[in-house]
Amino acid sequence: MASAQENNKRIARNTLLLYVRMLIMMLINLYTSRLILNTLGVSDFGIYNVVGSIIGMLGFITGSLSGASSRFLTFELGKKDIDKLSRIFGSVKFIHYLLAGVILLVGETVGVLFVLTQLKIPEGRLTAAMWVFQFSILASIISIISVPYNSDIIAHEKMSAFAYLSLFDSVLKLLIVYLLVITPYDKLVIYAFLLLCIQVIDRILYYVYCHRRFIETHSRAKYDKELFRKISSYA
């Protein structure tokens, strides 16, 4: 009975944390979107949303893989098989590294060609648009290789850490608005670069947190044919 009550309390606490996180992030995003539009201007804001929308486009891929990763990690956590859990985490890392490599290859070939030949960029802004595109590719890759660590936090039900790290990410994006206002350089390029910096900071924080708390995250990325097939097909 006590165990069931503890589980119910944990579920309620995790749910409350996620709802508070979602509400705060929504308010920050609504506030920063208007300020960024005013700071960048309609033209540059449009360029970023067209050229730099790679992260949003890949959201359904990373979301599917994140769900599959969490499912397999959670299942092995319940069985308390550390060796199998480490194997799964290594396979999950391998899948995401492979996907990141594919995204880099496609982005630097087909993606660059598409931007140069198909998009109608305002005169004089092509160089800035290419910088945005490159920063967006790098940010996407970092986001993808961070998914295994995000999934492991969710699998361990450490929602407080997940919520706090997400809120910290939102606060950094709020800081970007201030930096854009005071920067004397190309605001569009600086905006894309700062978003990349946030991805790097997030990657480091998730890595450090997981590496210190979860032993399975010490495993190396490794191809496991059976696990690769199961995780990929589930995703």
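**Entry 1: the whole chain**

What share of the contacts in the chain with a separation of 6 or more comes from residues 24 or more positions apart? I looked this up first, and the figure is 84%, where contact means heavy atoms within 4.5 Å.

A note on the ground rules before I go on. This is a predicted model, in which local features need pLDDT of at least 70 and side-chain atom pairs count only at pLDDT 80 or more, while totals for chains, interfaces and linings use all residues. Residues are numbered from 1 along each chain as its sequence is written, and side-chain values use heavy atoms, with hydrogens and water left out.

Next I went through the secondary structure and found 8 helices and 0 strands. Helices (H or I, at least four residues) and strands (E, at least two) are DSSP runs, numbered from the N terminus. I then checked the extent of the C-alpha trace, which spans about 65 × 40 × 25 Å along its principal axes.

For the surface, I noted that the chain exposes about 13,300 Å², with carbon and sulfur atoms supplying 66% of it; these areas come from the Shrake-Rupley method with a 1.4 Å probe, and for residues only the protein chains shown count as cover. Of the 235 residues, 42% are buried. Buried means under 20% relative accessible area, exposed over 50%, and partly exposed in between (1.4 Å probe, protein chains only).

I also looked at charge: there are 24 positive and 15 negative side chains, and the centres of the two sets lie 4 Å apart. Lys and Arg count as positive and Asp and Glu as negative, with His and the chain ends not counted. Each charge is placed at NZ of Lys, CZ of Arg, CG of Asp or CD of Glu.

**Entry 2: salt bridges**

How many salt bridges does a search of the whole structure find? I got 5, a salt bridge being a side-chain nitrogen of Lys or Arg within 4 Å of a carboxyl oxygen of Asp or Glu.

I started with Arg 125 and Asp 44, whose closest N and O atoms are 3.1 Å apart. Arg 125 sits in the loop between helix H4 (82-117) and helix H5 (126-155) and Asp 44 in helix H1 (residues 2-51), so this pair ties together parts that are 81 residues apart in sequence. I checked the cover on both: Asp 44 is buried at 14% relative accessible area, and Arg 125 is buried at 18%. Not counting residues up to four places away in sequence, Asp 44 touches Arg 125 and Leu 188.

Arg 125 has another partner, Asp 186, with the closest N and O atoms 2.8 Å apart. Asp 186 is in the loop between helix H6 (159-182) and H7, and these two partners are 61 residues apart. At 30% relative accessibility, Asp 186 counts as partly exposed. Through shared partners, salt bridges join Asp 44, Arg 125 and Asp 186 into one network.

I then turned to Arg 87 and Asp 224, which meet in a salt bridge at 2.6 Å, N to O. Arg 87 lies in helix H4 and Asp 224 in the loop between H7 and helix H8 (225-234), so parts 137 residues apart in sequence are tied together. Arg 87 is partly exposed at 40%, whereas Asp 224 is buried at 18%.

I listed what Arg 203 touches, not counting residues up to four places away in sequence: Tyr 97, Ile 142, Ile 145, Ser 146 and Tyr 149. For Asp 202, I noted a C-alpha to C-alpha distance of 8.8 Å to Phe 168, 34 residues apart in sequence.

**Entry 3: the nonpolar core**

Last, I looked up the largest nonpolar core, which has 55 residues; Tyr 48, Ile 88, Ile 153, Ile 176, Tyr 191 and Ile 231 touch the most other members. H1, helix H3 (59-79), H4, H5, H6, H7 and H8 each give two or more residues to this core, and H5 gives the most, with 15. Such a core is a set of buried Ala, Val, Leu, Ile, Met, Phe, Trp, Tyr and Cys residues joined through side-chain atoms within 4.5 Å.

I followed up Ile 176: leaving aside neighbours within four places in sequence, Ile 176 is in contact with Tyr 191, Leu 194, Leu 195 and Ile 198.
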